[in-house]
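Below is a briefing on model confidence, the surroundings of two ligands and one chain interface.

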Amino acid sequence: MTCAVEVRDVRRVFRTHAGMLAPERVVRAVDGVSFALPAGHVLGIVGESGCGKSTLARMILGLLPISEGEILVDGRSLAAMDRRERARLIQPVFQDPFSSLNPRQRVRDIVALPLAAQGNISGRQQRDQVMEMLARVGISAEIADRLPAQLSGGQRQRVAIARALVLHPRIVVCDEPTSALDVSVQAQILNLLAELRRDLRLTYLFISHNLAVVEHIATEVAVMYLGRFVERAPVDELFRDPRHPYTRALLSSVLTPEPGNGIPDVGLGETYPDPANIPPGCRFHPRCPVALNRCRTQAPDNIVTHGRLTECLLAEGAQGTR
Amino acid sequence: MKHAATSLGALIVFAVLLAAVVAPLVAPHDPFVQDLNQRLVPPEWMDGGSAVHPFGTDQLGRDYLSRLLYGARISMMIGIFTVVTSGLIGITLGVFGGYFGGKIDEVVMFIITCRLSIPLILVALTVVALIGSSLLVVILTLGLLLWERFAVVSRTTTMQVRNLDYIAAAQAAGASRRHILLREVLPNILTPLVVVATLEMALAILLEAALSFLGLGVPPPLPSWGLMIAEGKDYMFFSPWVIMIPGIALFVLVLGINLLGDGLRDLLGAARPT
Amino acid sequence: MSPVLEAGNLRVTFGTSVAAVRGVSLTMNRGETHCLVGESGCGKSVTALAIMGLLSRTAHRSADILRFHDYDLTRLSERGMARLRGDRIAMIFQEPMTSLNPAYTVGSQMAEVFQRHRRVSRATALDRAAELLQRVGITAPGLRLKQYPHQLSGGLRQRVMISMALMCEPELLIADEPTTALDVTVQAQILRLLQNLQRELGLSLLLITHDLGIVARMADRVSVMYAGEIVESAPAGALFAAPTHPYTRGLLRCIPVPRQVRRDEPLGSIPGVVPRIAPDFVGCSFRDRCAQAMPDCARHVPRQRATIDHDYLCRLPTDWTRAEAA
Ligand SMILES: Nc1ncnc2c1ncn2[C@@H]1O[C@H](COP(=O)(O)OP(=O)(O)OP(=O)(O)O)[C@@H](O)[C@H]1O
Ligand SMILES: Nc1ncnc2c1ncn2[C@@H]1O[C@H](COP(=O)(O)OP(=O)(O)O)[C@@H](O)[C@H]1O
Ligand code: SF4
Ligand code: SF4
Ligand SMILES: [Mg+2]
Ligand SMILES: [Mg+2]
């Protein structure tokens, strides 16, 4: 069976110069990520700001060249595809619906763009398909003639979803699609995305820093830290039995609406990760509450135990004990 | 107050534009016909003036009001066509540099730097002196020289716009580069460029006047306002109106354009280009 | 004991068409954490700015009561207010970058605040700043004092903001979404810090947020805001145990709760969006989105008591929720 998305040891390096005399800053934004996502699944990717989630997403969308590695979409190399073919397979939904819609275009033209770019769809067909997709995401016909500035945040995100789905792609990459929305609107959009996935048999890559949202929508979850997936597991297992110390810290920092429980101590300390300066050994060791001496030198890359990726030296010895 | 100034600017520009368009219909005389018996007739409101020549006549007896109206055509033509030419050059360079970045941007920056190190007036003078002056030469020379502000402003705004998600969405939608540049980028950088256009237009009109004053602008007998001042300067002691009337017209027009540009900037919320 | 802050029927309008705050009343006691929760645009920040006297010139503020201890804030001069601000009342803003000046070091900004209110030398002020940075968990205060805001990470910047607000030991701290821009891990650290500081110093905290998780973990008392009004106010326990206003109930159903997710079911959601309210609006502002709405909701809506310290703004009787649950 071919996977919807297959990512093989992908890396991306950014080189920036702060000034003439300053040394070059080399940011390893994505530092060796591999995974295969079967069709119809939803991979949730969580992690702190700057850990490389968006960089990975943009590479999978073909918007950013890869430094190393290979990405296959629907069994074929992304690098070998032309832009029209790629657009028919994979589409994005971005975080900020205020910047993801061209402020100078009407809703109907925004949604028609992927169809128009195919170059072989008549104007009449385009119009019909746009209106059908807008209706599908809950945007009424009279809104089609408005400009983005005249829409609410939720409506804009619906328009962005309509644009992503109008070509009936197989894969949708959602980069924090609800982080900029209010909770009541977030719930509407999450329900819409779940419904569309069922009806249109879509595969999602769903990036979020909200673990509860990921738990709600994902079938499997990858936890990203400084450019790598440090843990990856089916959603129930990951939330029931988190194995990587960073996953545990992330989970314990979620504030559920249970009064009286107070704020938990996350135990990650004062140091903040810097992708221009990745620690040797285990990249998490400066913040790890259970770090061992050998964690400073020995990198736990690609450790798989019991079919689960857990990049921690403790994972082999201490399976399931915590 | 601000609002009134903008309206005044718009009114002035519109009035001059209108005068330029309808000059052949409303001009009382042919601006080129000389009448050596009627030389240096003062304007109507001065001693010795007459209603036949409301603004008087020049040293060759041509009707000054008619020449002023036809002069508006020259000024507006210079202003508009220079801005179109320089806008095309500058915006193309700026958008390419800002959008593609890297090597292309370095080349664009180099061209802009070269242009900035060229002494404007001197080169304009030399070119016109070498090729000989005509309206077309003046427009092309100014157009080829006055684009750098367009380039700088469109380059920086393009850099801001190209990082917005709707550009990424268009790329992911499979849109061509042409579509992205013309439909996604360009409409979203126009606002600050409108303000640049007003600044450049005023500058072009002044430069044309300066060139004409030095005898290197539009050739006589065309009635350019700069040329009118140049031709009148020998008579200014006894017939001051021959330079005051075109001088005031020039001043008012440039003031109007600048007021309009200032107002547009505030209205459109664009930052003042430098 | 007299309350630290008391607001009665606080109103703020912008021009003639926008009523951002419409009759907000709240009381804060010493050492209490009061959470103001609601979706964006419902008037939380404007309420905070109105209390601080920091509204823009286009705003018009009125109130029946607006007292801080014995000061009547409605009559206090701008100078008097400036003397209170930063000294006895402090505020942490939503976006730390806009409230820290990028041109000055952390140290000089912190010292400046202290010297504005206390007659002390620069060196004393810097010592105090270092002491506070240490207190909010910053490990190398000497170094941080010499740095500029852009050299700090988001979490550090927010800590600097907090310690700056604490320079003069205020009695009331208003924090407007202090962790919205931060990662969950950093958010937990900052909130824990705020909670500890508050216990140690006995300060009253008005915490503005849209996150019901934060509310549950931090608040003594909660006020739910909608379209410029407080639609429900109760002790935190009571609010989560027995939410009564249809909006509060809707909000609680919208949030996915970790480890209680039912993936086969859609999340509860509230249709529609927050309306923009004009000053002459009458009736319940939630009626367009309310499943319980009835014709009378377009007329005057009473503020009712569910218990002695739990009130809500709705026509429904207190026990209507039992009917809904059934
Ligand atoms: N074009 C670029 N040039 C230089 N560095 C970049 C570039 N794009 C991203 N980076 C760096 O790469 C790292 C990863 O960035 P990325 O945007 O993927 O993070 P993220 O996980 O999506 O974070 P967030 O949750 O804040 O969206 C960051 O350190 C970022 O500063
Ligand atoms: N300076 C202003 N001029 C006009 N309207 C304003 C201004 N500031 C805020 N508002 C309006 O007041 C309402 C409440 O805003 P705010 O208090 O910032 O909401 P939030 O609850 O998200 O903090 C919004 O409708 C907003 O648009
Ligand atoms: S390898 Fe060591 S430092 Fe890394 S997560 Fe495991 S225990 Fe912590
Ligand atoms: S007053 Fe009416 S419309 Fe408003 S919340 Fe109560 S039932 Fe709903
Ligand atoms: Mg991102
Ligand atoms: Mg706010």
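Residues are numbered from 1 along each chain as its sequence is written, and ligands are numbered from 1 in the order in which they are written. Local features need pLDDT of at least 70, whereas totals for chains, interfaces and linings use all residues.

**Confidence in chain B**
- Chain B has a mean pLDDT of 85, with 97% of its residues at 70 or more.
- Over residues 270-274 of chain B, pLDDT stays under 50.
- Where pLDDT is low, the predicted coordinates should not be read in detail.

**Ligand surroundings** (a heavy atom within 4 Å)
- The shell of ligand 3 has 10 nonpolar residues, 2 polar and no charged; among them are A:Cys282, A:Cys288, A:Cys295 and A:Cys312.
- Around ligand 4 the division is 8 nonpolar, 2 polar and 2 charged, and the residues include C:Arg287 and C:Arg315.
- Ala, Val, Leu, Ile, Met, Phe, Trp, Tyr, Cys and Pro count as nonpolar, Asp, Glu, Lys and Arg as charged, and the others as polar.

**Interface of chains C and A**
- The contact (heavy atoms within 4.5 Å) takes 49 residues from chain C and 42 residues from chain A.
- About 3900 Å² is buried between chain C and chain A, 58% of it from carbon and sulfur atoms; buried area is the accessible area (1.4 Å probe) lost on being put together, summed over both parts.
- C:Thr185, C:Arg217 and C:Arg263 supply 20% of the area that chain C buries against chain A, more than any other three residues.

How values were computed: This is a predicted model: local features need pLDDT of at least 70, side-chain atom pairs count only at pLDDT 80 or more; totals for chains, interfaces and linings use all residues. Side-chain values use heavy atoms; hydrogens and water are left out. pLDDT is the predictor's confidence in each residue, from 0 to 100. Buried area is the accessible area (1.4 Å probe) that two parts lose on being put together, summed over both.
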